Amino acid sequence: MTDFILWIDAPGAAGDARLGGKFGSLAEMTQGGFCVPPGFGITTDAYRHFLAGSGLAAQARDTRAAAAGADLATVEKLSAAMAQSIADAELPADLEAAIRDAYAELSARTGEADVPVAVRSSGESEDLGGASFAGQYDTFLWVRGIDEVLTHVRRCWAGMFGSAVLTYRPHDTADLTDHGICVGIQQMVASRSAGVMFTLDPVTGDRSKVVIEGCWGLGEGVVSGAITPSRYVVDKVTFEEVSAEIAVQEQMFALDPTTSLPGLVEVLADRRSEPCLHPAEIRALVELAKRIEAHRGAPQDIEWAIADNGDVRVLQVRPETVWSNRPTEQLVGAPTGAISQVLARFAGVGVTRNAGAPRT
């Protein structure tokens, strides 16, 4: 059963491919001493054991093969059929026992019975050179109780056969059809404020800046593009706030007390026009961004949350890919005039949180 569960703070977890891209990165951050909420991965071994033990391995291969080159309507039917098979299949007893035991241990570690968790897909194919599945897999927030955890694990497995994944055709990569998925189970952060930050300016590529986008409540509002975030540009060296755009925020993502489900709720009236970050918190985030960039040796795209008690947590880290692969001379001294305006517009494509599929 040890092959089915891998804790992100376990020795060697940072280099273990069975955690997939997203959770492997969080294991690395944990090992590096960064404040990451505790959690464990239901490994790619577990996913493959489920397919084999439930008799779905052949259907999985056939689904991928039939989807290749098929029209969208056909792909959607194949995706729905595979999702239903995963929902209906019996979970191997040894795998179910391992997940139940791990969730009970996480509850014990956090001191909270039936600890609320984020259930995050973490694919082997995420962040491969030439391919990025970011935004195509599922994340579920505020999941509580082992039965709900088991249900959402299946939903993450089914996400491997979502229509967007089945039709994704990256260039210059090896065959991705047999890649597995890890499902990360991580203590939920009841964030007062949350968002993303880049260790360079995603519009100009200026590596002397940290750009922070934040909002009240869960960061889902920022990463999904559903909420216009406040935006701060800060000098990495002097910590001077170069610019600040404070958004008026009438709604936020949070746990809705009337439904006990995450969703959009009203922001308190006296908070709507207030900054979601204090100056000391902005500095703390910039210091954190610099440490993570130094640790990984390249510009990074970071998801963060600030709990009600003021603690800063790292939720996700991935390499920044738009500017990092460009020659250094293109990142210094942007052109002036009309050409500069055109380049700035196109540089934002692929990094803005309001475009494309939401990240998970």
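## Helices α5 and α6

Helices α5 and α6 are oblique to each other, a class for angles that are not under 35 degrees (roughly parallel), over 145 (roughly antiparallel) or 65 to 115 (roughly perpendicular). Their axes, lines fitted to C-alpha atoms over the stretch in contact with angles from 0 to 180 degrees between N-to-C directions, come within 10 Å and cross at roughly 120°. The model is predicted: local features need pLDDT of at least 70 and side-chain atom pairs pLDDT 80 or more, while totals for chains, interfaces and linings use all residues. Residues are numbered from 1 along each chain, and side-chain values use heavy atoms, without hydrogens and water.

L95, E96, I99, R100 and Y103 in α5 meet I146, D147, V149, L150 and W157 in α6, where contact means heavy atoms within 4.5 Å. By class, this contact has seven nonpolar, no polar and three charged residues; Asp, Glu, Lys and Arg count as charged, and Ala, Val, Leu, Ile, Met, Phe, Trp, Tyr, Cys and Pro as nonpolar.

## Nonpolar cores

A nonpolar core is a set of buried Ala, Val, Leu, Ile, Met, Phe, Trp, Tyr and Cys residues joined through side-chain atoms within 4.5 Å. The largest has 42 residues, and I5, F40, I42, F50, V117, W157 and I185 touch the most other members. Helix α6 (residues 146–158) gives the most to this core, seven residues. A second, separate core of 34 residues includes I8, L26, V286 and I306.

## Residue I282

I282 lies in helix α9 (residues 279–296); helices are DSSP runs of H or I with at least four residues. At 6% relative accessible area, I282 is buried, the term for under 20% with a 1.4 Å probe and protein chains only.

Methods
Helices (H or I, at least four residues) and strands (E, at least two) are DSSP runs, numbered from the N terminus. Buried means under 20% relative accessible area, exposed over 50%, partly exposed in between (1.4 Å probe, protein chains only).
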